[in-house]
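Trainee: I would like a close look at one part of this model, the place where two of its chains meet. Please take me through the contact and then the parts that bear on it.

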Amino acid sequence: MAFLTRNEVFSCFVFYAVLLVIKMYILAIITGQVRLRKKAFANPEDALRHGGLQFHREDPYVERCRRAHMNDLENILPFLFLGAIYSMIGPSLPVARLHFLVFFLARVLHSVAYLFALRAPTRSLAYIVAQIPCVSMALQILVAVAAYA
Amino acid sequence: MAFLTRNEVFSCFVFYAVLLVIKMYILAIITGQVRLRKKAFANPEDALRHGGLQFHREDPYVERCRRAHMNDLENILPFLFLGAIYSMIGPSLPVARLHFLVFFLARVLHSVAYLFALRAPTRSLAYIVAQIPCVSMALQILVAVAAYA
Amino acid sequence: MAFLTRNEVFSCFVFYAVLLVIKMYILAIITGQVRLRKKAFANPEDALRHGGLQFHREDPYVERCRRAHMNDLENILPFLFLGAIYSMIGPSLPVARLHFLVFFLARVLHSVAYLFALRAPTRSLAYIVAQIPCVSMALQILVAVAAYA
């Protein structure tokens, strides 16, 4: 466990990052459960197993779940990269933890706002708040490595 | 090559991870070939080059390829993160290799089941089997870094 | 900043990688702005806030932006992994920088070709050129770690 224990910021990042990966997995499970409950399958072979080809169809709530998941891919996956690199440029632990925690909380709120269709602009605000630590980390990293371009 | 040769588990992870990235690239190539063969293009400029705007259209098999690719993004990309971190928390090589190998084989089966539309629930089972090592790695990582939250 | 300053190739990789992450963020912002300008929202709650449910609709240019973003996820996210690992197998700095720079420039051209609907096959060529350093890195990594499979 050498590398992780040598770097407290990295360990703190990993904690929130893994929670967010689990959050994405939960979104996938929810999508699958909604497909079963609404009987709306993306593939004919799945529809055949669950009652017939008429269930090879789209459903608005399934599509909502998919958009929520897609938005996670667009935002959480780049965070997994930025947060790891940011942990290596020597930020102070309290400042770094603030970055990770704001991103984590805002992305959880984003998923909740998406799944429950909360009134606009709740979801958009959660997205914007989550982007702030990401842009902050990206700029700090660029400054740290600009000499190597 | 210092870091890689110092950590056998990480090298083992990298081997299967890179094979899976190549698998994703192959899926993209297949999608492109199917677009050309079925004459079904997502962009009017591509359709114009290949016969006319009437080929700016969707095709069920192109959409199937895209869903297979999308599912890879949702699952293989988080694995690239989890596997790398898991390699740093000191697992034994045989146990770690088992995690990587199960994920690798299940994701290859998932792609095959998708592209050949194998009877349900083959594809879903491959997805679930691939998730087991991912959830296992995620939980072991959380235990290792929980003190730093 | 120990790890980054110890490895010039990795720092060079990080520079271009973070620029590409910012490029993806810009694509997301453009998509949002086009949604507002064209009044085409993916969610009814957003449409309600901006004039009414009739604006819960698709728009061809919004879909184009989304395809550009999706293609980035399919290609830039695996590059974030491959480039990091490749930096650890000891390539020479000039050769590594060439890999990163070709990928960076080709992916910027890809986004420009997508957003401005440049004549085919501009976009496809940019995609192919960007894949060359990726496949090169993937193969070099496989050779470096093959003994650990």
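How many salt bridges are counted between chain B and chain A?

Mentor: The count between chain B and chain A is four salt bridges, a salt bridge being a side-chain nitrogen of Lys or Arg within 4 Å of a carboxyl oxygen of Asp or Glu. Before the details, note that the model is predicted, so local features need pLDDT of at least 70 and side-chain atom pairs count only at pLDDT 80 or more, while totals for chains, interfaces and linings use all residues. Residues are numbered from 1 along each chain as its sequence is written, chains are lettered from A and ligands numbered from 1 in the order in which they are written, and side-chain values use heavy atoms, with hydrogens and water left out.

One salt bridge joins the side chains of B:E74 and A:R66, at 3.4 Å from N to O. The rule also finds nine residue pairs in polar contact across the interface of chain B and chain A, both residues at pLDDT 80 or more. (A polar contact is a pair of N or O atoms within 3.5 Å; within protein, one must be able to donate a hydrogen and the other to accept it, and residues adjacent in sequence count only if both atoms are side-chain atoms.) On chain B, the elements that give two or more residues to the side touching chain A are α4 (60-87) and α6 (122-145); helices (H or I, at least four residues) and strands (E, at least two) are DSSP runs numbered from the N terminus. By class, that side of chain B has 25 nonpolar, two polar and four charged residues. Here Ala, Val, Leu, Ile, Met, Phe, Trp, Tyr, Cys and Pro count as nonpolar, Asp, Glu, Lys and Arg as charged, and the others, Gly among them, as polar.

As for extent, 31 residues of chain B and 33 residues of chain A take part in the contact, where contact means heavy atoms within 4.5 Å. The area buried between chain B and chain A (the accessible area, 1.4 Å probe, that two parts lose on being put together, summed over both) is about 2,800 Å², and carbon and sulfur atoms give 69% of it. B:F81, B:Y148 and B:A149 supply 23% of what chain B buries against chain A, more than any other three residues.

Now the other contact of chain B.

Between chain C and chain B, 31 residues of chain C touch 33 residues of chain B. The buried area there is about 2,800 Å², with 69% from carbon and sulfur atoms. C:F81, C:Y148 and C:A149 supply 24% of the area that chain C buries against chain B, more than any other three residues.

The rule finds four salt bridges across the interface of chain C and chain B. One of them pairs B:E45 with C:R64, the closest N and O atoms being 2.8 Å apart. B:E45 lies in helix α3 (residues 44-49) of chain B. With a relative accessible area of 9%, B:E45 is buried (buried means under 20% relative accessible area, exposed over 50%, partly exposed in between, with a 1.4 Å probe and protein chains only). Leaving aside neighbours within four places in sequence, B:E45 is in contact with C:R64, C:A117, C:L118, C:A120 and C:R123.

Salt bridges also occur inside the chains; over all chains the structure holds 21. Within chain A, A:K23 and A:D72 form one, with closest N and O atoms 2.4 Å apart. This pair links distant parts of the chain, A:K23 in helix α2 (residues 8-38) and A:D72 in helix α4 (residues 60-87), 49 residues apart. A:K23 and A:D72 are both buried. In chain B, the side chains of B:D72 and B:K23 meet in a salt bridge at 2.5 Å, N to O. B:D72 lies in helix α4 and B:K23 in helix α2 (residues 8-38) of chain B, so the pair ties together parts that are 49 residues apart in sequence. B:D72 and B:K23 are both buried as well.
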